[in-house]
Amino acid sequence: METGSKVCDVCGEAQPVYRQVYSGVSFCASCFKESIEKRVRKTISRYNLLREDDRILVAVSGGKDSLTLLKILARIERDYPRASLVAVSIDEGIPGYRDEALRLAADMCRRLGVEHRVYTFEDLFGLGLAEAMNRGVLGRLGLGACTLCGVWRRKAISLAARDLKATVVATAHTLDDIVQTYIMDILRGEFPKAPIGLRREGNGIIPRVAPLRLIPEEEVVLYAYLSRIPFQEIPCPNAQNSQRDLVRTFLAQYESRYPGSLFAALKTIESSIIPREGALTPCQLCGEPSSRTICRACELESQVSSLLGREGGLVRADIGVDDVEGVD
Ligand code: SF4
């Protein structure tokens, strides 16, 4: 890794381990970690992402981003005695992949003293992702694994948030993730309807925030390494050839040649987003936020259940669903 100066530009003493190309600053390990934590605190206060009495659900997959977020939020939360954290992992049912991540997430929560809960697709939707693939559900619906997985994971987190009475959900989306999502929207012919990871409330919806939204992915990885956070390194077997994977590769190459492009893209896109009136309306079936009358997750539940010949949908109504506000 290129480090530029002979000493850290911040403390002027220690040997640098990282040169932040887009700012020209070289950091030693300690100053780098401190700068990331400071930037997360600043992001939270700049966008009013969290409140002093929030019950914060942190979505923890067991990867570097979510474990880094959990560690930083656990540190910040100590300064706010009225706030509390609960970590939630979703087991999608991908054999040989998710088990290690769940163990790493549980270990980290134990070390930080944070409550950890696991919710499974099997319990929430009646079948796991591998089963949906093996039974030909995805093929018959013309869906990629990541489409069903992404939509249901989002729904699972929302159900968990209601179950655990969280007032806000914190996700580990980084600068790269957010720009990728905007570009994917644009490539699908849609302009982003609302900024990702900023607190939006109303209609009984539990807001989602992304405290790492101004941290590039490579800096999250470096923070995790320097902090000795054990995280799952093997990628999901379904990740290759996803739309996101293509966009991720392109943007990473572009950023490496033209540093600062991701920040520029985020700023340009977000300054042009005009939040649509009524964008935050609850789905008529489950009450979760949706730009449609029936959200995509409920639509997929109904399609999958009719393909499998199950009546009454897939969701087992023993968590969350009965407590959803705003359902007519
Ligand atoms: Fe799910 Fe796709 Fe992520 Fe794998 S890569 S966990 S299938 S969204």
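Colleague: Which helix gives the most to the shell around the ligand?
Modeller: H7 does, with 3 residues; helices here are DSSP runs of H or I, at least four residues, numbered from the N terminus. This is a predicted model, where local features need pLDDT of at least 70, side-chain atom pairs count only at pLDDT 80 or more, and totals for chains, interfaces and linings use all residues. Residues are numbered from 1 along each chain as its sequence is written, and side-chain values use heavy atoms, with hydrogens and water left out.

Colleague: Which residues are around the ligand?
Modeller: Glu92, Arg98, Leu129, Cys146, Cys149, Arg153, Cys236, Asn238 and Ala239, each with a heavy atom within 4 Å of it.

Colleague: How are two packed helices described?
Modeller: By the angle between their axes and the distance between the axes. Axes of H7 (residues 145–163) and H12 (residues 296–307) come within 9 Å and cross at roughly 120 degrees; the axes are lines fitted to C-alpha atoms over the stretch in contact, with angles from 0 to 180 degrees between N-to-C directions.

Colleague: Which residues make the H7 and H12 contact?
Modeller: Thr147, Leu148, Val151, Trp152 and Lys155 of H7, with Arg296, Ala297, Cys298, Leu300, Glu301 and Val304 of H12. Contact means heavy atoms within 4.5 Å.

Colleague: And at what angle do H8 and H10 pack?
Modeller: H8 (residues 175–187) and H10 (residues 243–257) pack at about 115 degrees, their axes 10 Å apart. Among the residues meeting there are Ile183 and Met184 in H8 and Val247 and Leu251 in H10.

Conventions
Helix = DSSP H or I, 4+ residues; strand = E, 2+ residues; numbered from the N terminus.
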